[in-house]
Amino acid sequence: MKRLLSFLSALIVVIPSLTVNAQQLESQRFSFTLDSPRGGLSGITVLSREPDFIKGVMVNEFGFSAIEFAYNRDNHRVKLIDVIDFLDNWRTRYVLKRDLTAIVTVLEGLDRQVGKNYEVNRDGDTVCIRNRRHGLTYRFSLLAGTPARYARPVNIWQGTDCDANVTMTPYLARGSGNMAVIVCPGGSYFWHDHKTEGADVARWLQSIGISAFVLEYRVGGIESFITHSRLVRRGNRYPDMLHDVLRAIESVRCDSALYGIDPSRVGIMGFSAGGHLAVLAGERFDQFGPFGGCGVSMRPDFLVSVYPVVTFTEDCMHRRSRRGIMGEGRGVTPGLADTLSVERHVRPDMPPVFLINCKDDPTVNYRNSELLDSSLTRAGVCHRYIQYETGGHGFGVTASKTSAEAASWPCEFIKWLTDIGLHINTEYQQP
């Protein structure tokens, strides 16, 4: 404990000469304070974001006694890169890795993923993290001057009557007046594909001048998938996830000035089950809310549905997604299945739809998209449907995970945006 506190007293002010590699994103800076049974201290910490890692640098206010670490975005673990000599022993390293993992996880907005040994509280731009075991309390506040495009993750329900904790992570493009997209990863309404259909998609959108917001909408969860616990308790189920995506649209529009986005160009992009949720929002945008009271519309301006789940009544349904969104028990009825079969409730005033899938999809039967295409055509909804012969499922915008033909869909999407009168602020880049 003495060594840990000695280290902390030497922590957390940025090295003035710190530079960021050209391949890195710009740094995010936080003011920092520590309260402990033996005293307190204050300073600044710097996090530099890369595609797969977050690198952190912590030094004392006099420019010495530094520690460097890398936080893996996929498994949420910290690797210590460099530690000052007097801390270089296995016991102190173990404690440091646990606390740093908790700190960065919370600063990324993933409060629910920290262990029970930590208590987390938020107040505006300040987050407080308390290590119950050692009696240490950390406070971090986002500093003025941090690039807005690295705005911290937010709980979309904070400040409303809903007590849910649903994280939305912004990936803001440079400049202002940008188009915005709510990204809904797939996962059968039981989990989320955070990387391929979440962060990777958001970073690509960000690179072409579209601000992206990755939404961790409520899902059944792995525990309920394994144990069928929703037979005896409600858990997460419809309409929770629809409320989440509509609230995300409302939240982004309410804070459009803060995010530098154009509130008249806000769409939804969903993959697999997330593609179903995107279309569901385009059909039911006026049936719930308002949630936040700022008086904006929750109608998306366009929808992008990639290899989506569509029907819960036809033989080609995806049964795991049906169970994920509907839950289990008495509430699961044929009427609810009909309600959630989006091909049955297409409306003429829906937003324009961009729809793609692959005929060799091994997960979601290709006929799902064909059903939706037919319904959109009958209703006269502006849309474009592309069906690829090969490509599979679950590839997002990652060309190496699909066929050459299916890898072209991002380019087709950009062309389609132009066709419907929506223009991005930078040239298209192949993901």
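Trainee: How many helices and strands does the chain have?
Mentor: This is a predicted model, in which local features need pLDDT of at least 70 and side-chain atom pairs count only at pLDDT 80 or more, while totals for chains, interfaces and linings use all residues. Residues are numbered from 1 along each chain as its sequence is written, and side-chain values use heavy atoms, with hydrogens and water left out. Helices (H or I, at least four residues) and strands (E, at least two) are DSSP runs, numbered from the N terminus. On that basis the chain has eleven helices and 16 strands.

Trainee: What percentage of the 431 residues of the chain count as buried?
Mentor: Buried means under 20% relative accessible area, exposed over 50%, and partly exposed in between, with a 1.4 Å probe and protein chains only. By this criterion, the buried share of the 431 residues is 56%.

Trainee: Among contacts in the chain between residues at least 6 apart in sequence, what percentage join residues at least 24 apart?
Mentor: A contact requires heavy atoms within 4.5 Å. For contacts between residues at least 6 apart in sequence, the share that joins residues at least 24 apart is 69%.

Trainee: Which residues touch the most other members of the largest nonpolar core?
Mentor: A nonpolar core is a set of buried Ala, Val, Leu, Ile, Met, Phe, Trp, Tyr and Cys residues joined through side-chain atoms within 4.5 Å. In soluble globular proteins, nonpolar side chains tend to be buried together. The largest such core here has 53 residues, and the members touching the most others are M168, I182, L215, V245, I268, L277 and I325.

Trainee: Which helix gives the most residues to this core?
Mentor: The largest nonpolar core holds 53 residues, V245 being one of those that touch the most other members. With seven residues, the element that gives the most to this core is helix 5.

Trainee: Leaving aside neighbours within four places in sequence, with which residues is L277 in contact?
Mentor: L277 is one of the residues that touch the most other members of the largest core. Apart from its neighbours within four places in sequence, L277 contacts C184, Y189, Y217, M241, L242 and V245.

Trainee: Which residue in strand 12 is the bridge partner of V183?
Mentor: Strand 11 and strand 12 (residues 210–215) run parallel and are joined by five bridges. Together with helix 3 (residues 195–207), the two strands make a right-handed β-α-β unit; a crossover is right-handed if, with the strands pointing away from the viewer, the path from the first strand over the helix to the second runs clockwise. The strand 12 bridge partner of V183 is V214.

Trainee: Against which helices do the buried residues of helix 8 pack?
Mentor: Helix 8 covers residues 319–326, and its buried residues are S321, R323, G324, I325 and M326. Just after helix 8, G327 takes a positive phi of about 80°. The buried residues of helix 8 pack against helix 4 (222–227), helix 5, helix 7 and helix 9 (334–339).

Trainee: How far apart are the sulfur atoms of C254 and C294?
Mentor: A search of the whole structure finds one disulfide, defined as a pair of cysteine sulfur atoms within 2.5 Å. The pair links distant parts of the chain, with C254 in helix 5 (residues 240–254) and C294, 40 residues away, in the loop between helix 7 (273–284) and strand 14 (303–306). C254 is partly exposed at 30% relative accessibility, as is C294 at 36%. The distance between the sulfur atoms of C254 and C294 is 1.5 Å.

Trainee: What is the relative accessible area of Y307?
Mentor: Y307 lies in the loop between strand 14 and helix 8. Although Y307 is not a glycine, its phi is positive, at about 35°. Y307 is buried, its relative accessible area being 1%.

Definitions and conventions
Pairing = 2+ DSSP bridges.
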